[in-house]
Amino acid sequence: MARYYSIPSNLTTIKFCLLFPLLVGMVSAQLSSDFYATSCPNALSTIKSAVESAVSSEARMGASLLRLHFHDCFVNGCDASVLLDDTTTGQGEKNATPNASLRGFEVIDTIKSKLENLCPGVVSCADILAVVARDSVVALSAPIWSWPVDLGRRDSITASSAAVNSNIPSPTLDLSGLINAFSYKGFTAKEMVALSGSHTIGQATCGNFRTRIYNETNIDSSYATSLKSNCPSTGGDSNLAPLDVTSPTSFDTAYYTNLINKKGLLHSDQQLFSGGSTDSIVTNYSNNVGALITDFANAMVKMGRLSPLTGTSGQIRKNCRKAN
Ligand code: HEM
């Protein structure tokens, strides 16, 4: 009898083992890296050259464009909701407090109008954000940092300012808060540390690091002193400092080495190396560029798969700032 009952149970297990990857596959099956191969074959090269041109005019733009994709995907999925302007009926996402310093919207507009001329109504704003993020990283590093971008996302017609506040992690979070914020989106602590490597480029405003440089003790004292000259104890909230003091416009491992040297700019950055469970991950990435390249690329692909609109959901916006 025991054997009899074990047969259906084994079959169930086998069926589950066969079906589970298929079900998971179905979620991403609608996205594919060759989605525009026939409908807009020059889409990717058009985006790449526009990103290269924007980054060569201003290196920081690569950082700003990468951040846009993160802030899009973490708020109701990668649906370009972050790009929608406020409407008469409600505040969009871009003016919510955690998004106040987002930039790069004009670069996306330029790319979108090029693509609308090339293939009207075909390439979504959400896909543009995903490709632009990858091309920005490559423009500030080397082709070895590249990854294949899944495509086929569609654009939302609504944005949620409230969802920004609840989904974008704050720089005041401690390690457990950071781990929770990413775990809520399905990421491990290791993936969170890899994605945080994005802070190897770009800048932050004084209002976001003042408390750290004046009040915290796990900071290199000469580093803190040098930051105070441009970030007074009151005023100057929007003055800038590089997130990676060593090589602010190169996508590399220096961010992690800085953390080991107590030169993380944000409280949340230094939390990744503060005697807790992620110290060893930071040490590994600081010594092992190959591990970071692989883990960062995989985590970016995973981030790009957060709740995309596919099939007939959403729309392909003609103008990334407003629904059709
Ligand atoms: C781990 C949690 C994270 C927190 C708490 C955080 C917080 C911040 C803050 C406060 C700033 C500076 C904003 C300002 O003062 O103007 C910033 C900048 C930036 N963040 Fe994050 N971030 C996190 C993760 C990420 C991730 C996952 C990415 C990308 C995948 C990313 C990419 C960037 C980039 C590139 C910049 C510089 C943008 C520019 O110069 O315009 N961040 N982040």
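This is a predicted model: local features need pLDDT of at least 70, side-chain atom pairs count only at pLDDT 80 or more; totals for chains, interfaces and linings use all residues.

Student: How many residues surround the ligand?
Tutor: Among the closest are Ser-64, Ser-101 and Thr-205. By class, the shell has 10 nonpolar, 11 polar and 3 charged residues. The number of residues that surround the ligand is 24.

Student: Which helix supplies the largest share of the shell around the ligand?
Tutor: Helix 3 (60-73), helix 7 (175-183), helix 8 (189-196) and strand 1 (203-205) each supply at least two residues of the shell. The largest share, 5 residues, comes from helix 3.

Student: Which side chain has a polar atom 2.9 Å from a nitrogen atom of the ligand?
Tutor: A polar contact requires a pair of N or O atoms within 3.5 Å. In the side chain of Arg-60, an N or O atom is 2.7 Å from an oxygen atom of the ligand. Asn-208 likewise places a polar side-chain atom 2.7 Å from a ligand oxygen atom. The side chain with a polar atom 2.9 Å from a ligand nitrogen atom is that of His-199.

Student: About how much space lies in the largest pocket?
Tutor: The ligand takes up the space of this largest pocket. Its lining has 48 residues, with Arg-67, Pro-169, Pro-171, His-199 and Leu-266 nearest the centre. Domain 1 (43-168) and domain 2 (175-302) each contribute at least three residues to the lining. The space in the largest pocket is about 1,100 Å³.

Methods: Residues are numbered from 1 along each chain as its sequence is written. Side-chain values use heavy atoms; hydrogens and water are left out. A residue is near a molecule or strand if one of its heavy atoms lies within 4 Å of it. A polar contact is a pair of N or O atoms within 3.5 Å; within protein, one must be able to donate a hydrogen and the other to accept it, and residues adjacent in sequence count only if both atoms are side-chain atoms. On a 1 Å grid over the protein atoms alone, a cavity is a set of points where a 1.4 Å probe fits but cannot get out, and a pocket is an open set with protein on both sides within 12 Å along at least five of seven lines; lining residues have an atom within 4 Å of a point. A molecule sits in a cavity or pocket if more than half of its atoms lie within 2 Å of its grid points. Helices (H or I, at least four residues) and strands (E, at least two) are DSSP runs, numbered from the N terminus. Ala, Val, Leu, Ile, Met, Phe, Trp, Tyr, Cys and Pro count as nonpolar, Asp, Glu, Lys and Arg as charged, and the others, Gly among them, as polar. Grid points are joined across faces, edges and corners, and a volume is the space filled by probe spheres set on the points. Domain bounds come from an automatic or database domain assignment.
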